Amino acid sequence: MRLVLLGAPGAGKGTQAALLKERDGCVHVSTGDIFRQNLKDATPLGLEAKQYMDKGALVPDEVVMKMVSSRLLEPDAMEGFLLDGFPRTVPQAEFLERFLREHGTKLDAVLLFSIDDEILVQRLSNRRTCRSCGGIFNLLTMEGKGTSCPSCGGELFQRDDDNEAVIRNRLKVFHEQTEPLVAWYRERGLLREVDASDAPSAIYERVKAAL
Ligand code: ADP
Ligand code: ZN
C-alpha cells in the first residue's frame, strides 16, 4: 500500500500509522520524526528544521522534498509506505505526484483524519511521548501518573512544540497551507475521509473500512 495520512496536528496520524504498519509491514515515513531524530543527532538538517518547528511553522518545501525523496528511494520503501506529515503544501503534493510517476508508481489512497480544532488543542497539550519506545499517550486517558510509559516503563516527555501558543500556530498553518490538499486529492479521486474524534481503536476500525 502507498498511502498519505492527511490531517491536522494531533488528529492521530502517527498512532494510526503504527497500527497500519503492524498489519501491513509497510514503511512509516514521518517527516516530523525524521526532523526530531536529526535534531537529536544535531545534524545540519535538524538544526535548520528546529528554527521552524519551534514556532510551529513549516520547514521550507525544498528541504522537505529532498529529505522525503531520498527516504522513498531506500529499498525498504519500494514495497509500500505510509507518508505521515507529508505532503503539507500543494507544491509538496505536486512534487510527490511527479516523483512517484517518474518511478512508475502512484498513491493508492489518501486518508483524511477529520476533527475539531478544540479537541486537537486538548489532545496536543496532554500528549506525552516515551523516550524509549516512541509510544504516544494522552495524560487524560492513560493509566498511571503520566511519568512513565505504560507499555515499557520508559520516561515520558512532552514535545517542545506541544505548548498552547505553538499549537495554535500549527493549527493556523494547517488550515492555511495544508487544508487545500483536501480538494486537491478529492479531485484526483484519492481521498477517503475518516472521523478522527474517537479512541485510537475505533478510528482504526474506520481506517480499515475506508481502505
Ligand atoms: P504535527 O503533530 O504538527 O503533525 P509533526 O511531527 O508531523 O507534527 O511535525 C512537526 C514539525 O515538523 C512541523 O510543525 C513542521 O515544522 C515540520 N514538518 C513536518 N513535516 C513537514 C512538511 N511536510 N513540510 C514542512 N514542515 C514539516
Ligand atoms: Zn515506552
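**Zinc and ligand sites in a predicted model**

Reader: Which residues coordinate the zinc ion (ligand 2)?
Author: This is a predicted model. The donor atoms are SG atoms, at 2.3 to 2.4 Å from the zinc ion. In sequence the donor residues are spaced C-x2-C-x15-C-x2-C. They are C130, C133, C149 and C152.

Reader: What geometry does the site of the zinc ion (ligand 2) have?
Author: The site has four donor atoms. Four donors count as tetrahedral if all angles lie between 85 and 135 degrees. Here the angles run from 100 to 118 degrees, so the site is tetrahedral.

Reader: Is C149 buried or exposed?
Author: Buried means under 20% relative accessible area. C149 has 4%. C130 has 2% and is buried. C133, at 42%, is partly exposed, and C152, at 41%, is partly exposed as well. With its 4%, C149 is buried.

Reader: How many disulfides are there?
Author: A disulfide is a covalent bond between the sulfur atoms of two cysteines. The cut-off for the pair of sulfur atoms is 2.5 Å. By this rule the count is zero.

Reader: Which helix gives the largest share of the shell around ligand 1?
Author: The shell around ligand 1 holds 19 residues, and T31, R36, A57, G85 and R170 are the closest. Four residues of the shell come from one helix, residues 31–40. That helix is α2.

Definitions and conventions
Residues are numbered from 1 along each chain as its sequence is written. Chains are lettered from A and ligands numbered from 1 in the order in which they are written. This is a predicted model: local features need pLDDT of at least 70, side-chain atom pairs count only at pLDDT 80 or more; totals for chains, interfaces and linings use all residues. Side-chain values use heavy atoms; hydrogens and water are left out. Buried means under 20% relative accessible area, exposed over 50%, partly exposed in between (1.4 Å probe, protein chains only). Donors are N, O and S atoms within 2.8 Å of the metal (3.2 Å for Na, K and Ca); water is not among the atoms, so sites may look incomplete. Four donors count as tetrahedral if all angles lie between 85 and 135 degrees; four count as square planar and six as octahedral if opposite donors are over 155 degrees apart and all others between 65 and 115; anything else is irregular. A residue is near a molecule or strand if one of its heavy atoms lies within 4 Å of it. Helices (H or I, at least four residues) and strands (E, at least two) are DSSP runs, numbered from the N terminus.
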